[in-house]
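Open the model in your viewer and keep the selection panel at hand.

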Amino acid sequence: MATVIIPTPLRKFTNNTARLQVGPGTIHSTFRELTQNFPDLKKHLLDEGGNIRSYVNIFIGNDDIRDLQQADTAVKEDAVISIVPAIAGGSPETHGVPGPDASSSTGSAAPFTKEELARYNRHIIIPGFGMEAQLKLKAAKVLVIGSGGLGSPVLLYLAAAGVGTIGIVDFDVVDDSNLQRQVLFGVDEIGKPKVEAARRRLEGLNPYIKLHIYNTHLNSQNALEILKDYDVIADGTDNFPTRYLVNDASVLLGKPNVYASIFQFEGQVSVFNYRDAQGQLGPNYRDLYPTPPPPGLVPSCAEGGVLGVLPGIIGSLQALEVIKVITGAGETLAGRFYIFDALNFESRTFTIRRRKDNPINGDNPTITTLIDYEAFCGMHAVEERQLKEITAKELYDWQVRGEKFQLIDVREPHEYGIVNIGAELIPLGSVAANSGKIDRDRPVVVHCKVGGRSAKAIRELEEKFGFTNLYNLKGGILAYIDEVQPELTKY
């Protein structure tokens with residue numbers, strides 16, 4: 001059978017069914033079958049002469065039927081047919097839209113003021129969402145972990161949507177390098193705790209919600225206590241130890257965990273540990289990634305960069321999934337893993353399932369309490385190797401005294417072009433091939449942007465080539481700019 005995807009505006013004529021099955025044939029026979037089964041569709045799809053209306057586009061796969069054989073285009077058994085009508089939105093026109101006095105239609109039990117009803121009006125008038133869903137949002141408690149690139153759009157949209165209680169966990173302060181993507185903050189907040197700046201911004205956006213802030217590092221000692229009072233967890237963290245910590249705490253507490261992640265041009269979204277209306281529990285992060293990658297293999301956004309608009313896209317999708325989990329609207333991404341490639345504007349959705357060998361909720365769980373996630377992700381093992389470091393001020397002292405040493409920069413050429421401190425450029429990917437250019441008989445200081453890539457380069461040189469004279473610049477070139485040459489460009 002072929003599949004017809006029904007767009008949102010027409011689903012009220014198909015009993016709110018999004019996908020319908022039809023027999024093979026042509027587009028003409030497909031529409032005849034659809035309108036016979038759902039007569040109210042006919043006037044929206046076909047004109048008086050039985051032709052497809054000009055404001056309705058039909059695609060088979062990715063191809064417009066106007067570029068094929070139009071209504072005579074063949075429909076095979078495995079075909080996917082998309083109906084795409086014109087949609088208007090954003091108009092200030094309000095004719096026929098209930099105003100603040102709509103409270104009279106909801107009964108006296110609705111805990112909304114006239115001001116709240118006016119604010120949430122565009123939600124309340126949506127068929128299938130309405131007052132019931134808005135009440136669920138107001139009653140909900142959501143904990144957002146991280147208020148940075150992902151946390152910013154998540155918090156803004158959840159607050160605007162009317163989620164009644166929002167918690168924010170973050171121990172960082174606002175830096176000017178955040179402002180390229182962290183739209184919660186402005187230049188006036190630089191140097192201030194993110195949770196406090198976030199609270200001020202959200203209070204200005206929606207005075208009808210409650211905000212709780214936790215200016216602390218989430219860890220195995222406090223995670224269960226912080227998470228326990230919330231209905232939904234939104235994970236916007238940027239490191240693997242916290243990812244696994246949030247996952248395990250959510251599983252142990254029975255909380256749905258709405259996950260998102262970003263890197264350069266790509267984003268990921270899913271819903272973990274979600275129990276559907278039939279009581280079926282979906283997979284969690286450990287079903288997808290049983291173990292983390294080795295330390296340093298996957299760079300952070302600070303190391304690898306991220307397109308500023310990407311967190312806005314992915315964070316908005318994350319907020320959408322939170323709202324769907326709370327209200328029960330539509331189908332969540334539970335059991336599905338969504339990937340978006342902004343560079344090529346492509347998206348893919350994969351099916352994921354629970355694994356019997358999941359260590360926290362499989363057939364024979366071995367994790368019954370929160371563990372040391374730094375050790376689990378291999379962080380301690382890296383620290384125990386006692387990588388030699390030098391601070392920015394110590395490096396400056398070497399330079400002033402005229403010490404004989406070699407300075408290596410393992411960033412990429414475009415980064416070097418933005419700002420450099422006179423080091424020899426050997427990008428990380430070419431370090432092994434250029435090991436012969438690195439001195440063995442004098443100290444060598446290796447640096448990158450913040451220290452991660454340079455540490456990886458040093459480990460590779462020590463393990464493969466036996467170097468013993470390498471020093472990692474602690475905090476990278478950004479620390480050097482902060483402590484030694486603040487007039488240089490930060491990025």
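Helices here are DSSP runs of H or I with at least four residues, numbered from the N terminus. The model is predicted.

Start at residues 392-401, helix H15. Next select Gly-402, which follows H15. Its phi is positive, near 75°.

Go back into the helix. Which residues of H15 are buried? Pick Ala-392, Leu-395 and Trp-398. Now look down the axis of H15: these buried residues fall within an arc of 120°, so they line one face of the helix. Turn to the face pointing away from the buried side. Lys-393, Val-400 and Arg-401 are exposed there.

What do the buried residues of H15 pack against? Show strands S16, S17 (406-409), S19 and S20, plus helix H18 (476-483).

Colour its 5 strands in the order S16-S20-S19-S17-S18. The sheet is open, and the pairing is parallel. Select 389-390 for S16 and 424-425 for S18: these strands stand at the edges. Each has a single partner strand, so one side of each is left without a neighbour in the sheet.

S16 pairs with S20 (residues 470-473) in the parallel sense, over 2 bridges. Pick Glu-389, then Asn-472 in S20: the two are bridge partners.

Last stop: helix H17, residues 452-465. H17 lies across S19 (444-447) and S20. Its direction runs at about 170° to S20.

Methods
Residues numbered from 1 in each chain as written. Predicted model: local features only at pLDDT ≥ 70, side-chain atom pairs only at ≥ 80, totals over all residues. Heavy atoms only, no water. Pairing = 2+ DSSP bridges. Contact = heavy atoms within 4.5 Å. Axes fitted to C-alpha atoms, helices over the stretch in contact; angles between N-to-C directions. Buried < 20%, exposed > 50% of the residue type's maximum accessible area, 1.4 Å probe, protein only. Arc of directions from axis to C-beta.
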